[in-house]
Amino acid sequence: MNHIRKLLFITALLSSSLAFGQLTEDPEDRRDQGRDPLRTQTPEGRPLPFGQRLRFGGGINGFRFGNPFSLGVSPVVAYQATERMLIGIGGSYTYTRYKAYTNTGQTVPYLTYNQYGGRGFVMYEFIPSILPNLYLHGEIESTTIQQTENQTGAKSSAALTAPLVGVTYSQPISRRFGVNLTALYNLNYNDNSLARTIYGSPFVLRLSFF
């Protein structure tokens with residue numbers, strides 16, 4: 001009896017695995033018909049499971065060599081809410097180091113910035129019949145920046161929250177992955193030292209992968 005139960009359990013497990021695999025592959029089958037794969041359902045109308053609607057990725061931001069040196073990362077998790085709408089969250093961290101010159105021409109550490117934050121965003125493909133893969137993009141981003149004066153050890157920090165609006169063009173690589181070029185405008189930008197340090201200008205350009 002125990003052997004029969006084990007056999008039934010293994011059969012059920014294999015059947016569910018095959019069904020899940022078929023559910024995963026169905027949307028991609030549309031490529032053979034010259035059509036884009038569906039993002040939230042199979043061609044038969046069955047909704048894709050939650051995990052099959054998730055996208056993972058991110059990008060590299062603030063990349064500069066020399067003085068200053070800067071490098072940042074920005075992971076992203078997005079969810080395909082409907083065929084035309086994506087919602088997601090992301091984080092960011094950027095390290096920036098400035099050096100100063102001594103009277104003898106040597107360089108010494110001067111200022112270090114550690115910048116981190118998070119954002120929530122919505123992307124909506126608004127005219128897919130005319131411009132497919134072009135999304136209206138809106139988000140709220142909150143950023144904290146910590147400054148360290150390397151010679152004295154003095155530290156200070158400040159925070160800024162910014163609503164950003166614009167567009168994203170996404171070039172699909174697969175059903176759940178693409179290359180995204182985003183152009184945004186900061187509605188809360190003020191020409192002060194904090195805003196200039198974090199954003200540089202009211203315009204924000206990003207290259208990301210998810």
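**Notebook: buried charges, a cavity and a pocket**

I began with Arg206, which counts as buried because its relative accessibility is 16%, buried meaning under 20% relative accessible area, exposed over 50% and partly exposed in between, with a 1.4 Å probe and protein chains only. I note that this is a predicted model, in which local features need pLDDT of at least 70 and side-chain atom pairs count only at pLDDT 80 or more, while totals for chains, interfaces and linings use all residues. Residues are numbered from 1 along each chain as its sequence is written, and side-chain values use heavy atoms, with hydrogens and water left out.

**Salt bridges.** I then looked up the partner of Arg206 and found a salt bridge with Glu139, the closest N and O atoms being 2.9 Å apart; a salt bridge here is a side-chain nitrogen of Lys or Arg within 4 Å of a carboxyl oxygen of Asp or Glu. Glu139 lies in strand β5 and Arg206 in strand β8, so this pair ties together parts that are 67 residues apart in sequence. Glu139 is itself buried, at a relative accessible area of 5%. Glu139 also forms a salt bridge with Arg119, with the closest N and O atoms 3.1 Å apart, and that pair links strand β5 to strand β4, where Arg119 sits, across 20 residues of the chain. I recorded a network of salt bridges that links Arg119, Glu139, Glu141 and Arg206.

The structure holds 5 salt bridges, and another one I checked joins the side chains of Arg39 and Glu125 at 2.8 Å, N to O. Arg39 is in the loop between α1 and β1 and Glu125 is in strand β4, 86 residues apart, and both Arg39 and Glu125 are buried.

**A buried arginine without a bridge.** Which side chain of opposite charge is nearest to Arg55? It is Glu125, 8.2 Å away, and Arg55 is buried yet has no salt bridge, where Lys and Arg count as positive, Asp and Glu as negative, and His and the chain ends are not counted. Arg55, found in strand β1, does make a side-chain polar contact with the side chain of Gln80 at 3.1 Å; such a contact is a pair of N or O atoms within 3.5 Å, one of which, within protein, must be able to donate a hydrogen and the other to accept it, and residues adjacent in sequence count only if both atoms are side-chain atoms.

I found 1 cavity of 30 Å³ or more, and the largest cavity has a volume of about 60 Å³. On a 1 Å grid over the protein atoms alone, a cavity is a set of points where a 1.4 Å probe fits but cannot get out, a pocket is an open set with protein on both sides within 12 Å along at least five of seven lines, and lining residues have an atom within 4 Å of a point. Grid points are joined across faces, edges and corners, and a volume is the space filled by probe spheres set on the points. Among the residues that line the largest cavity are Arg119 and Arg206, and its largest share, 3 residues, comes from β4.

The largest pocket has a volume of about 740 Å³; of its 29 lining residues, the closest to its centre are Asn61, Gly62, Gln115, Ile198 and Tyr199. Strand β8 gives the most to this lining, with 6 residues, strands being DSSP runs of E of at least two residues and helices runs of H or I of at least four, numbered from the N terminus.
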